[in-house]
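Welcome! Here is a short tour of a protein model for someone meeting it for the first time.

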Amino acid sequence: LSCLFLTPSRCSGVGLALCQRLLEEDSRIHLCIACRNVQRSEHARDLILASHPAAQVSTVEVDLGNLASVLRAARELRCRFQRLDFVFLNAGIMPNPQVNFKALWRGLLTGKVLHMLTTAEGIMTQTDRLNGDGLQEVFTTNLFGHFILVRQLQALLCGNEKPSRLIWTSSSNARESAFSLSDYQHAKGQQSYSSSKYATDLTSVVLNRKFNNQGLYSSVVCPGLVMTNLTYRILPIFLWKLLMPIMWLIRFFAKTYTLTPYNGAEAHVWLFKQKPEYLDLLVKYHSCTTGLGRCYVEARKVN
């Protein structure tokens, strides 16, 4: 099996945990790590080989926020592979995240705080900007760059003897209220991350309608609240240190508080083991963890 992983620049978190977990499932996999930082992708490769010295692990440089880089990486991958069995679309950015503490306090007074803490609805905003291609940076990096790469790799994904799989990393923060077809890049709002993830959910549904008959299947997962570099940028480090004991307690009431990258990769690994023909293609698969730490997967309809 050939698996391509699109990861953030640090090549850590859920992406790295997923690589290691999949090799535990099948050591014959050829992993290809796609990352915009070459040194960090090589470091991730070294970490994987340290625990799985016989594994086949390669890297490719790609900046999903730069369309020229995406096209260049696609050409390289077409030369290196004859087919791709899995593409894990895991890269994402959340620039300049800010927490609205007044809204959080109102949620506490109105009894909506648990919902707000598990979805970030109404309490988190981002500041977006245009990239070098004149596109919104979050939209391009979180969705459009992935989409262009998938279309460029179509010959490796469609018409194979066995089905190929796209597995998109979405979020519990993906909300219809943050998305508008008239502003699908979310240039006018402050919830670009939520908008891009909801657009990801919609894109997966449309890809299934177009490509299932060519042997390509798309699924969406939510890793839950995982403590990664993306998460740590939301608040100062000293606040996270104060909050962590509370977050472990919240997990008894909020099953999507997976907290660790290993737990956050649960839905990805579960999907890796399923036959796509039997999956509900209108469902998002959520990584969940009980208060005592047992991992499981919960299916919820894409809204």
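Contact here means heavy atoms within 4.5 Å.

## About the model

This is a predicted model: local features need pLDDT of at least 70, side-chain atom pairs count only at pLDDT 80 or more, and totals for chains, interfaces and linings use all residues. Residues are numbered from 1 along each chain as its sequence is written, and side-chain values use heavy atoms, with hydrogens and water left out.

## Two nonpolar cores

Let us start inside. A nonpolar core is a set of buried Ala, Val, Leu, Ile, Met, Phe, Trp, Tyr and Cys residues joined through side-chain atoms within 4.5 Å; buried means under 20% relative accessible area, exposed over 50%, partly exposed in between (1.4 Å probe, protein chains only). The largest nonpolar core has 36 residues, and those with the most contacts inside it include Leu84, Leu153 and Leu157. Among the elements giving it two or more residues are strand S1 (2-6), helix H3 (67-80), H6 and H8. Helices (H or I, at least four residues) and strands (E, at least two) are DSSP runs, numbered from the N terminus. Another core, of 28 residues, lies apart from it, with Cys3, Leu22, Ile29 and Leu271 among its members.

Leu153 is worth a look: leaving aside neighbours within four places in sequence, Leu153 touches Leu4, Ala74, Leu77, Arg78 and Leu84. Leu157 sits in helix H7 (residues 154-157) and is buried, with a relative accessible area of 1%. Leu157 and Leu84 are 73 residues apart in sequence, yet 5.7 Å apart in space, C-alpha to C-alpha.

## Helices H6 and H8

How do the axes of H6 and H8 cross? The axes of helix H6 (residues 137-152) and helix H8 (residues 192-211) come within 8 Å and cross at roughly 20°. Such axes are lines fitted to C-alpha atoms, for helices over the stretch in contact, with angles running from 0 to 180 degrees between N-to-C directions. H6 is therefore roughly parallel to H8, a label for angles under 35 degrees. Residues making the contact include Val138 and Phe147 of H6, and Tyr193 and Leu207 of H8.

## Two positive phi angles

Finally, visit two loops. His186, in the loop between strand S7 (164-169) and H8, has a phi near 60°, a positive value in a residue other than glycine. His186 is buried, at 9% relative accessible area.

Leu259 lies in the loop between helix H10 (237-250) and helix H11 (261-264). Its phi is near 70°, again positive in a residue other than glycine, and Leu259 counts as buried at 2% relative accessibility.

Conventions
Parallel < 35°, antiparallel > 145°, perpendicular 65-115°, else oblique.
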